[in-house]
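Have the viewer open while you read.

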Amino acid sequence: MPEIVRGNLYASITNHLQLAQTVASARRQNFPVEDDPEEEPLFGSSKEIQLYSSLEVGCLNIINALAERLIPVLCRDAIDGSDVWKTVAFTFLDSLVQISRIQRQHRILHLLARGGFLANFCVGLKEADEDLQKVLHPEPQSLNSLFVHESKMALLIRVAQTRPGAERLLAARVLSVLAQCDYIDARPDGSQGYHESDSLFAPSLERWHQLLKPTLQLVVSILMTSGSSNGEAQQQAIEFVLGHRETMRGLLMESGRLSLAHLSELPLIVSICSRVVSKISKDDSITRPSGYGPLHEVIMSLASKTIYSGRWGAVVVPSNDIEMAESRTAPTVFQAKILEATEDMQRALLTYMVTASNATYATMYPLLLPGLLVPREGDANPQPGPVPTVGDAVVALREVMSHLNRSLVEVNSYSAKLLNQDSSGMDELEEVALASLDSVDRLEPYQKRALVFGQLQEMMDQRISDATHYMDSIEELLLLIWRHVDYFINYRSAPVAEPAPEDQKGANGADLDKTARPNLQESRSGWGMSLFSPFRRKADSPAPTVGGQLLGPSVLAASTFPGGSGGDSGGAGGSGGGAASKGARAELLGRSLLTVSALGGKPSLKATEEGQAEAFRSDARVVLEPVLDRLDGLQLPDDIPSLDFRVRTPYLQSFTRRIRALIKIQTGLEDEDE
């Protein structure tokens with residue numbers, strides 16, 4: 001059969017499979033699984049399996065019967081065919097892998113791996129490296145390599161979304177191959193504006209983002225699917241990160257005018273780093289200006305700028321004709337995409353800080369400064385520093401709580417309209433639901449009404465998703481605040497004796513130090529990190545270091561925020577010795593901004609002395625009490641599974657008890673001693 005005939009056959013079957021899945025998806029939206037008892041499950045009685053229609057199952061049965069002969073021919077066309085049919089073949093393989101996932105055997109994936117085709121696709125990424133770099137020329141001869149790359153990466157991302165697929169890709173060492181690909185680092189300069197060229201081709205920088213984004217998505221998919229316990233995945237990811245460190249730093253550091261593609265790549269980069277940072281040696285990498293350290297520095301700087309709204313000076317602009325048209329005809333839709341990408345970045349940065357601050361290590365490494373400057377709502381935001389402060393985290397918590405309350409109000413509003421469809425006025429509903437839709441005037445009244453309620457359901461589902469993400473962010477911010485407040489108050493203190501004193505017990509009288517630390521796996525937020533290990537600073541824990549030297553209490557106390565007073569510079573050594581000591585400390589503390597960021601900014605840990613610890617405790621109490629009171633009054637709905645109050649509320653109460661126990665003014669101990 002000629003190649004052109006096979007290619008057209010691949011395209012026809014791909015369209016059929018996509019149509020079958022679209023019809024099945026629409027059917028599932030209109031007829032929930034519980035109301036469709038005629039659907040036969042493929043295995044057992046799982047409702048998840050019942051989600052697939054007889055049309056999809058029938059298509060898969062036909063494909064499985066011919067797969068032994070189909071897959072080798074299809075893969076050879078994807079490897080050795082002409083560029084246009086390579087693209088079609090990879091797209092067809094993507095559709096086959098997608099529909100094959102409804103069966104546990106995943107026969108298509110098995111055949112791809114058994115024949116060595118999957119490993120060949122991974123090796124082919126490096127073989128196509130030179131052609132992909134040619135695509136980035138201002139006037140390339142052809143963009144076929146770009147189209148083949150996009151279709152191949154779509155297939156690999158689909159494969160990586162299942163655990164067996166991710167394991168097979170890791171066995172083919174796909175991340176190590178990507179670590180050696182030079183097209184990732186071949187970023188063109190931004191001298192050619194997005195809309196300033198008369199060329200028929202898109203700007204080189206936009207084409208580079210088309211190459212980079214699916215690559216980052218593939219790495220994230222493999223890491224998320226394989227899990228944090230897969231050492232091979234993390235080792236290959238470290239190779240990828242270190243191999244392209246400077247490119248990632250450049251993307252994270254850039255400010256000013258950004259494209260939407262650039263903004264959407266930032267959370268992907270931070271997510272990759274979140275998966276590898278726990279495997280990076282703190283002493284060997286983060287505290288040195290080589291290896292992983294510089295990347296950690298820029299991530300913390302970005303976190304300081306974006307931990308809450310109003311401090312990041314970047315402006316997102318359209319980067320292609322489609323985005324330009326969308327920004328003009330539907331500006332609210334374009335702004336919604338920007339907001340979504342920004343919130344994804346903020347969540348990724350929170351996850352990174354939670355992981356890097358000590359998710360798996362036995363000691364606590366602070367990432368936040370002990371500053372507690374919290375502007376009142378409506379006041380101007382302070383300028384961001386090199387790293388966030390505890391006060392910044394409190395402001396972010398306050399902001400996320402406001403977003404959550406607003407989302408819950410909108411969910412209740414949409415839910416009331418959907419439950420009272422007969423009594424809802426069409427004028428009001430059309431204004432709410434059809435504002436972004438065109439050509440609705442030609443619809444019949446019953447069609448318009450059905451469209452309105454369909455739009456309302458989509459809007460409510462989106463608000464529920466937003467509320468779930470806000471709830472996850474609240475949990476992470478509470479964890480981050482709790483760890484750092486505990487660290488700054490109990491820095492280098494002796495281990496807490498058992499049992500804990502009365503003023504260290506929770507609101508229900510439970511001993512906090514005997515109580516298991518909260519586990520994010522129980523919070524349903526999906527971060528998958530165990531937090532049972534104690535994060536209280538122990539007497540035998542190593543002190544922070546700068547340049548390989550320990551920072552004792554005197555050195556740490558000598559460093560203050562800009563505009564603050566320094567520590568005691570004289571001491572018993574006299575004024576001359578004090579000046580020399582102060583100069584040595586200044587030299588020690590000024591060696592590397594990288595080291596500063598690794599420790600959470602300037603190591604001005606005021607809690608190194610008891611009086612300073614009490615001052616920090618008092619300030620933290622003033623700042624945190626109003627936020628904790630608002631959190632105690634949070635009412636979660638009981639009819640939304642992802643916001644289940646039976647799971648979420650105890651988890652939040654556990655954190656608020658612990659934070660209140662830390663910032664409580666301790667006066668009872670002295671009275672008992674007397």
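This is a predicted model: local features need pLDDT of at least 70, side-chain atom pairs count only at pLDDT 80 or more; totals for chains, interfaces and linings use all residues.

Start with the largest nonpolar core, which has 159 residues. Those with the most contacts inside it include Leu-93, Leu-169 and Leu-218. Zoom in on Leu-169: among the residues it touches, beyond four places away in sequence, are Leu-118, Cys-122, Val-174, Leu-218 and Ile-222.

Helix α3 reaches 26 Å from first C-alpha to last, close to the 26 Å expected for its 18 residues. Because 13 of those 18 residues are buried, α3 is largely enclosed by the rest of the structure.

Here are the helices with their residue ranges:

| Helix | Residues |
|---|---|
| α3 | 83-100 |
| α9 | 174-179 |
| α11 | 231-243 |
| α13 | 260-276 |

Now for the pair. The axes of α11 and α13 come within 9 Å and cross at roughly 130 degrees, which makes α11 oblique to α13. Their crossing is left-handed. On the α11 side, Gln-234, Ala-237, Ile-238, Phe-240 and Val-241 do the meeting, with Ile-272, Arg-275 and Val-276 as their partners in α13.

Is Ala-179 buried or exposed? Its relative accessibility is 16%, so Ala-179 counts as buried. This alanine sits in helix α9. Leaving out neighbours within four places in sequence, Ala-179 is in contact with Glu-239, Phe-240, Gly-243 and His-244. Ala-179 and Ala-237 are 58 residues apart in sequence, yet their C-alphas are 8.4 Å apart in space.

How values were computed:
Residues are numbered from 1 along each chain as its sequence is written. Side-chain values use heavy atoms; hydrogens and water are left out. Helices (H or I, at least four residues) and strands (E, at least two) are DSSP runs, numbered from the N terminus. The expected span of a helix is 1.5 Å times one less than its number of residues. Buried means under 20% relative accessible area, exposed over 50%, partly exposed in between (1.4 Å probe, protein chains only). A nonpolar core is a set of buried Ala, Val, Leu, Ile, Met, Phe, Trp, Tyr and Cys residues joined through side-chain atoms within 4.5 Å. Contact means heavy atoms within 4.5 Å. Axes are lines fitted to C-alpha atoms, for helices over the stretch in contact, and angles run from 0 to 180 degrees between N-to-C directions. Angles under 35 degrees count as roughly parallel, over 145 as roughly antiparallel, 65 to 115 as roughly perpendicular and the rest as oblique. A crossing is left-handed if the near helix is turned anticlockwise from the far one by less than a right angle, and right-handed if clockwise.
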